[in-house]
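Biologist: Please take me closely through one part of this model, starting from the backbone and going on to the packing around it. Give the cut-offs as you go.

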Amino acid sequence: MKNIFKTANRSKSYRTVFIIWMICLLIHISFNALAQNPAITFTKEGEKGDAFISEQTKAQLLACQGTLNYPKSAERFYKAKGYKLAWVEKQNHNRQLAPAMMILDCVNQFGLDRNDFHANNLLYKQIEILFEEPEMLSGAQRAIFDVLMTDAMITFMNHLHYGKFNTSLTPAKIDEGEPGDFDAVFKLGQLMESKDFYNEIASVQPISKAYGDLQKYMHLVRGQYLEDSYEFPEKSVRKMTINMERLRWNTGKPGRNLEINIPAQIAKLNLADSVYIFKTIVGKASSPTPTLESSITYFTTAPEWKVPYTIFVNELLPKAIKDAGYLDNNHFAIYDAKGNYVAVSAKKLKYIKAHPKKYFARQSSGCDNALGKLVFRFENPYQVFLHDTPQPKLFLARDRALSHGCIRVEKVEKLASLILSADGNKAKIPVMRKAILAYQKKDFVLKTPLSLSISYITCEMIDSQLVIYNDLYAQDRALEMAMYGYERLLASDLKINLKAQNPVPSLQRTLIR
C-alpha cells in the first residue's frame, strides 16, 4: 500500500506537492452551509475560544444532519472529543489534513465514488486559508469544514470496509453503531494521532487475496494507465469496481476456508500453505445457487436424499407416472407426511400428483444417488449443500450451470480427504474410503468447523491478468446502475460503443484475456 497515493505527483515529493497547492490555490472561497444553504463569506473577525467553537460544532452537526452520510457517527466522534475541532487546528495541517485531502483525490483507485465525499465542498482553497490566515475564518466556517471532513473520512472507511450497498450491514445500521468487526469512529480517533495516516486508513480494506489483487490492479489502471492516456476498457473498470464492492460484503476471516465462486464455477480450498481448486456445477438461471456464508461441520458418506418439493412435483412424479420402473431403478421411495412408507401404483401416483403436499420422496444411497457418494452439510436457510454427482462427465462442460441450486463438486473424495487431514483427522481417511466403497452411510464430524463462503464474483486477477466470467444470473447490471447511476451508465455504454466502432491501439489485448 505504500505507493497507493503516488498519483498526486510521481516525480515530486509530497512536501513539494503540498507547497505548490498552498501557493497556487486562490484565497477566496464559496462554501455552502449545506442544510442552511446561505453562501459563506470570509470575515476578518475570527471568533476565538474553545467553548464558542464547541457550540459551533454542535450547531453544524445539527444543521448538516440531512447532508452527512453518517451523522450519528460524526456526533459520536465529536462527543468523545468534547466537541473540539479535529482537522482545522494548525498542528494537524501537515500530519492529518493534507493526507486526508489527498485520499479524497484518489478514492476512485479504491473503486469508490468521489461524489460520496462532499467533493464540491472540501476544497484545497479552504486548506490554504486554514494554513496561511486562519483568523479570517469564522467559527461556523471552521466547524462546517471540520464536520464535513470527519464525515468524509468515516464514509471512506465504512465504504472501504463494509461496502456502500451492503444489504446486511447497511450504512444506516452502521451509523446506529450496530456491532460489526470494525468501528470507523474509534479508528478515526486513533488516526488523528497516527504518524502514518495513509497506510493505516487503507488498512481497513478487506484482507482477502481476491480483493487485494483487484485493488492493486485498479490502482494501476486508475493511477497510471488512464492518467498516462493509455486506452483501457471502461467496461472492465466498472466490472472491477462492482466486484470490489461485492468482496467488501464478505465477512470471512483468514485461515482455513472453502470459497465457491458461482460465475467461475470453481471451489477453492485454502489451507495454511496451499490452495486446491475443484470444478463445480452450480445452479442454472431458473434455480440459482444463493450466496451465503456458513461453516461445514460434518459430511456424510453414502447419503440419503430427501427430494426437494419442486423437484418432487415437477420432475420425479411425472417421470414415475410415465415409467412404472422409474422409482425402483433410481432407488426412490415415497412417504406420507408422517414419514410412513407408501406403496405406489399408477392410480396412487396420480393421486399423489394431485395432492403433493401430503407426500415426499427419498433416494437411498447407491451409485445412482443424486448426491453421489458424499455430501457436505452446512447450516443455511436455502436448504442447499455441497455434494458429489453420479454424472462426472458433466464436469467436462465449459458451462456448468446445471443444478437446481445445490453445488456439485468434482473429486469430492479428494476434497474430503484434504479437509480431514487439515482438521487433524488424517486417520479417518481410510475409514471414509471404506464407507464409500461399501455404500455405508457414515457421518464424519470435524473438530473445527470449516468456514464456507459462496459468492458471486464476475472477475478476478489470475496470473496478473484480469479474467472476466459470464454473468450467469445477470446480477451485474443492477449493481452497476446502483453504483454509477442510470444516465451515467448509458453515457458510458455509448462511449464504449463509439470506441468499438473506431478502435484505437491499446493495452487491452495484453491486459485482458
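Modeller: Alanine 302 lies in the loop between β6 (292–301) and β7 (305–306). Helices (H or I, at least four residues) and strands (E, at least two) are DSSP runs, numbered from the N terminus. This is a predicted model, in which local features need pLDDT of at least 70 and side-chain atom pairs count only at pLDDT 80 or more, while totals for chains, interfaces and linings use all residues. Residues are numbered from 1 along each chain as its sequence is written, and side-chain values use heavy atoms, with hydrogens and water left out.

Alanine 302 is not a glycine, yet has a positive phi of about 45°. Most residues other than glycine have a negative phi. With a relative accessible area of 4%, alanine 302 is buried; buried means under 20% relative accessible area, exposed over 50%, and partly exposed in between (1.4 Å probe, protein chains only). Lysine 411, also not a glycine, has a positive phi of about 55°. This lysine 411 sits in the loop between β14 (407–409) and α15 (412–422) and is exposed, with a relative accessible area of 54%. A glycine comes just after α3: glycine 82 takes a positive phi of about 70°.

Helix α3 covers residues 71–80, and its buried residues are Ser73, Ala74, Phe77 and Tyr78. Seen down the axis of α3, these fall within an arc of 130°, so they line one face of the helix; the arc is that of the directions from the helix axis to the C-beta atoms. On the other side of α3, Lys79 and Ala80 are exposed. Alanine 74 has a relative accessibility of 0%. Leaving aside neighbours within four places in sequence, alanine 74 is in contact (heavy atoms within 4.5 Å) with Leu61, Leu68 and Ile154. Its C-alpha is 9.9 Å from that of methionine 153, which is 79 residues apart from alanine 74 in sequence.

The axes of helix α6 (residues 139–161) and helix α8 (residues 184–191) come within 10 Å and cross at roughly 120°. Axes are lines fitted to C-alpha atoms, for helices over the stretch in contact, and angles run from 0 to 180 degrees between N-to-C directions. Thr150, Met153, Ile154, Met157 and Asn158 of α6 meet Ala184, Val185, Lys187, Leu188 and Leu191 of α8. By class, this contact has seven nonpolar, two polar and one charged residues; Ala, Val, Leu, Ile, Met, Phe, Trp, Tyr, Cys and Pro count as nonpolar, Asp, Glu, Lys and Arg as charged, and the others, Gly among them, as polar.

A nonpolar core is a set of buried Ala, Val, Leu, Ile, Met, Phe, Trp, Tyr and Cys residues joined through side-chain atoms within 4.5 Å. The largest has 63 residues, and those with the most contacts inside it are Trp87, Met149, Met153, Phe156, Met157, Leu188 and Met240. Helix α6 gives the most to this core, with twelve residues. Apart from it lies another core, of 57 residues, including Leu317, Val375, Leu415 and Leu420. Beyond its neighbours within four places in sequence, methionine 149 is in contact with Trp87, Leu97, Ala100, Met101, Leu104 and Leu122.

For the chain as a whole, 48% of the 513 residues count as buried.
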